[in-house]
Each structure stands twice: as structure tokens, then as C-alpha cells.
Amino acid sequence: MVRAGIAALAVAALASGCAEGGAPPKNVHPAPGQELRLHAPPARALDAYARKLGRAHAARAAAAKRWGLSQVPLTAPPPPARKPRLTTRKGFEVDGHRKRGLPPVFTTIPTRHKIVFLTIDDGAEKDPAFLRMMSELKIPYTAFLSDYLVKEDYGYFRRMRDLGVVLNNHTLHHRYLPALSYERQKSEICGMQDVIEKRYGTRPVLFRPPYGNYNEDSLRAAGSCGVKYVPLWNEEVFADRWDYRERDRDIHPGDIVLSHFRGKGDWKGTMPDMVRRFMKLVTSKGYAVARLEDYL
């Protein structure tokens, strides 16, 4: 269908060009810069592009079947050239939030497109099948890591990074931050910045506080060591259920969805089971999964 549609557009473009211009009169030459161009190469290029799209869709459909999805995941639109303006969600501010220039805290990205963002926390489960599944299905996600769990196998998350996943900050030890002093919070947050930079080569700009709990000291500490955004979440998906923040118990354009690196020891299922539950609802409602960093 995709190839046929693009081919039809190419044919229409050729027909339109012939109808409007026709053959030029004899002894009439185009002005400089307006030389005649053959239409065949663009048509061939469109056909090649259609074949490429067709192959990509077929590969994704085969992957969906292989991983037990009844519907092929939808493809997200290109990210906006101008990034949306992010502000702290009402009710999530701390005193002097804007005046102090603290990182914004949000649960949703402003967009009219039917897209959601998958984020996965902690790092306890290191399931190779999950890496294969997400890579083959081409589902983007963002990881928020805690060192006390990641250090058991830094290599697993290096492979994740090599597959294009951005690794972000979820503190060293997953403490309840509001109970800690500013200095201890700074050690937890900035210490994890240092670990990710040392192990994976980049310093994160995203930070998610453990349990979604923070205070002014948390945001000041995060900002002091390079954090620019504090994304929370609007829904949480498990292997066997969804939890919702909003009363309508539904997903919305731009929502950030939370999950965790967990397996059968903590869940009634595996990480691939979680992905299947996530994609079943998202795709059935006409949503695609987009890459969070593309909107920041």
C-alpha cells in the first residue's frame, strides 16, 4: 500500500508536469538556472523510497509476529524542528521554582500528535531478550539508572547504549531524597552523573528522583551538576497491569510512561511481557512510541 501510494504520487506529478508545460516551442531556451530537467530520476527515486518503506514495514511486521504482538507498532512522526517549551506541571513546583531557575518537573510533553514516551527505571533486571525485542521492534525508550543495581553488570547497559538508548540519572542508591540533607542529595545525584559519564561517556541532562519524590534541595543539587530536565510520569505499566495518574485512567498525547527493569522475581511476568502489554494498549488506541530526547 505504501509503495503503491508513493508510486501513484510520482505518476501524478509526471502527468501534471506534462499537462502544464508540455513540450517547449522550438528555438526557445530556458533562462539560466531554469534548465529543463528529466522527470524520470525523481520517479525512480520515489519508487526506491517506496520499496525501502515496504521492506522496513515488512521487517517490523515480522518482528511483531515473532514477539507475540497482534498489531504492528505504529511509527512516530518526525520530531519537531522547534522543541516544545517545557514548564513545571502545576502542583509540582517547589518554592521559588522559576525564580531560582530550577529544572522543570513534568509528566507530559506538549504535543498534539498521538505519541507517548516509554521510560524504564532502576536496572535490577538485565534480560537479553528485552534488548533483542526492543531493537527488532525499533521501539524507543529512555533509561534512568541507579548505580547500586547497574554495577552488577555495566556491560548490559553499555550494549543498551550502543543500541541508541540514552542512559540517565536515577541516583546512586535510590534513597528517599527529601529525607536527606542538601549535601547528601548532591552526593547521590552528582555521584551518579559521574558514574554514567565514566562508564558510558556522556553526562546526563535528565534526572528522575526515586519514587518521584523531591524537594528544593533535590532540584538545586541536580541543576548544579548539569541536569536540565526532571521528567516524571503520567502512567506506569507492569507485566500484568497499568496504573494511571489521571482520573480518566487513559493515555494522552505526549504522556510519559514509567516502567522498571524487573522480571519474574518481582512481577507476574518478564520484561517482554511488559512490552507486550504496553504496546497492546498503545497501538490499539492509535498511538506511536516516540523518543523522549527528541522533544527536549
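## Salt bridges

Lys126 and Glu152 pair through a salt bridge, with N to O at 3.1 Å (a side-chain nitrogen of Lys or Arg within 4 Å of a carboxyl oxygen of Asp or Glu). The pair ties distant parts of the chain, 26 residues apart. Lys126 sits in the loop between E2 and H3, and Glu152 in the loop between H4 and helix H5 (154-162). Helices (H or I, at least four residues) and strands (E, at least two) are DSSP runs, numbered from the N terminus. Lys126 is buried at 17% relative accessible area, whereas Glu152 is exposed at 56%. Buried means under 20% relative accessible area, exposed over 50%, and partly exposed in between (1.4 Å probe, protein chains only).

The count comes to 16 salt bridges. Among them is Asp294 with Arg291, at 2.7 Å, N to O. Asp294 is partly exposed at 24%, and Arg291 is partly exposed at 29%. Shared partners join Arg100, Glu216, Asp217 and Arg220 into one network of salt bridges.

## Basis of the model

This is a predicted model: local features need pLDDT of at least 70, side-chain atom pairs count only at pLDDT 80 or more, and totals for chains, interfaces and linings use all residues. Residues are numbered from 1 along each chain as its sequence is written, and side-chain values use heavy atoms, leaving out hydrogens and water.

## A buried Asp without a partner

Asp147 belongs to helix H4 (residues 147-150). Asp147 is buried yet has no salt bridge. The nearest side chain of opposite charge is Lys151, 5.3 Å away (Lys and Arg count as positive, Asp and Glu as negative; His and the chain ends are not counted).

Leaving aside residues up to four places away in sequence, Asp147 touches Tyr154, Thr171, Leu172, Met192 and Val195. Contact means heavy atoms within 4.5 Å.

## Positive phi

Asp122 has phi near 85°, positive in a residue other than glycine. Asp122 lies in strand E2 (residues 115-122) and is buried at 2%.

His174 has phi near 60°, again a positive value in a residue other than glycine. His174 is in the loop between strand E4 (166-169) and helix H6 (182-200). At 12%, His174 is buried.

## Largest pocket

The lining of the largest pocket holds 31 residues. Arg60, Thr75, Ala76, Lys138 and Pro140 lie nearest its centre. On a 1 Å grid over the protein atoms alone, where a 1.4 Å probe fits, a pocket is an open set with protein on both sides within 12 Å along at least five of seven lines; lining residues have an atom within 4 Å of a point.

The largest share of this lining, six residues, comes from H2.
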